[in-house]
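Reader: I'd like to learn how to read the side-chain features in a model like this one. Can we go through them together?

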Amino acid sequence: MNLQGTVSHPAFSGPIRYHATPLSEDPDSQVIQTIDLMRDYIREDTDSAPIQREARHLAATGSGDPCSDVFWHIKNKVRFQRDETTAAPVQFLVDGEIVEVLIRPQDLAGMGAPVEDCDGFAQYAPTLLRALGVPCNLVTVAVDERDPDKYSHVYAACYPNGERVALDTSHGPYPGWECPNLFGKRREWPIDGVDWRSLLECGLVLGLIGLAVWAVSR
């Protein structure tokens, strides 16, 4: 099992660096672990050169509504591709199943033709918005009728001037659209500050079976 290294991938030009992290066997605990890593990437990449450069461009050329500007910028830039498709060429690197693929926001910003699943879209939007001074959270919701007790979609919620605006850049048709909570399982996760609920829940995790791959461009 190779937990980190460099590999060529057909979806990206040149080699990429990857890091694989074991995940819990419990679906909700997998979500907690993945959200924690997404929040780390968002916080770390907000001040990165690619994100700051892109944020300055949006501020200079946008409509003055940062939530709308970021929404349409990402919708037009990133192509949706399911994680299983992105993971397939590198599955041989690990012994377990690749459960999630995350590409850092600063790397999406620098790619010519970026592709990602909903989790990548959900990281990219709040990273750009935080660079523009707009606070954001992450939101998970159960949307799969085949498994209504499992979180199966993630997106961002931003708070310009304290007003909540949902930003589902992977599936939403417009800023403010939010998918129906058909099964009564939705949760909002703060990006900044300590999420004590997550820490307590992570303390109950037992067993490791899955693998999440974090692909990072050069």
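Author: Let's start with charges and rings. A charge sits over a ring if NZ of Lys or CZ of Arg is within 6 Å of the ring centre and within 35 degrees of the ring normal. This model is predicted, by the way. In it, arginine 187 places its charged end over the ring of tryptophan 189, 3.6 Å from the centre.

Reader: Which residue lies over the face of tyrosine 151?

Author: That's lysine 185, at 4.4 Å from the ring centre.

Reader: Now rings with rings. How many aromatic pairs does a search of the whole structure find?

Author: Planes over 60 degrees apart count as edge-to-face, under 30 as stacked, and the rest as tilted. The search finds two pairs. Phenylalanine 71 and tryptophan 72 have ring planes at 85° and centres 4.9 Å apart, so they are edge-to-face. Phenylalanine 71 is buried at 0% relative accessible area, while tryptophan 72 is partly exposed at 37%. Phenylalanine 80 and phenylalanine 121 have centres 6.3 Å apart and planes at 35°, so that pair is tilted.

Reader: Which parts does the pair of phenylalanine 80 and phenylalanine 121 tie together?

Author: Phenylalanine 80 is in strand E3 and phenylalanine 121 in helix H6, so the pair links parts 41 residues apart in sequence. Phenylalanine 121 is buried, at 4%; phenylalanine 80 is partly exposed, at 27%.

Reader: And how many disulfides does the structure hold?

Author: A disulfide is a covalent bond between the sulfur atoms of two cysteines. This structure holds zero. For cysteine 118, the nearest cysteine sulfur is that of cysteine 179, 9.6 Å away. Cysteine 118 is buried, with a relative accessible area of 10%.

Technical notes:
Residues are numbered from 1 along each chain as its sequence is written. This is a predicted model: local features need pLDDT of at least 70, side-chain atom pairs count only at pLDDT 80 or more; totals for chains, interfaces and linings use all residues. Side-chain values use heavy atoms; hydrogens and water are left out. A disulfide is a pair of cysteine sulfur atoms within 2.5 Å. Buried means under 20% relative accessible area, exposed over 50%, partly exposed in between (1.4 Å probe, protein chains only). Rings of Phe, Tyr and Trp (its six-membered ring) pair if their centres lie within 6.5 Å; planes under 30 degrees apart count as stacked, over 60 as edge-to-face and the rest as tilted. Helices (H or I, at least four residues) and strands (E, at least two) are DSSP runs, numbered from the N terminus.
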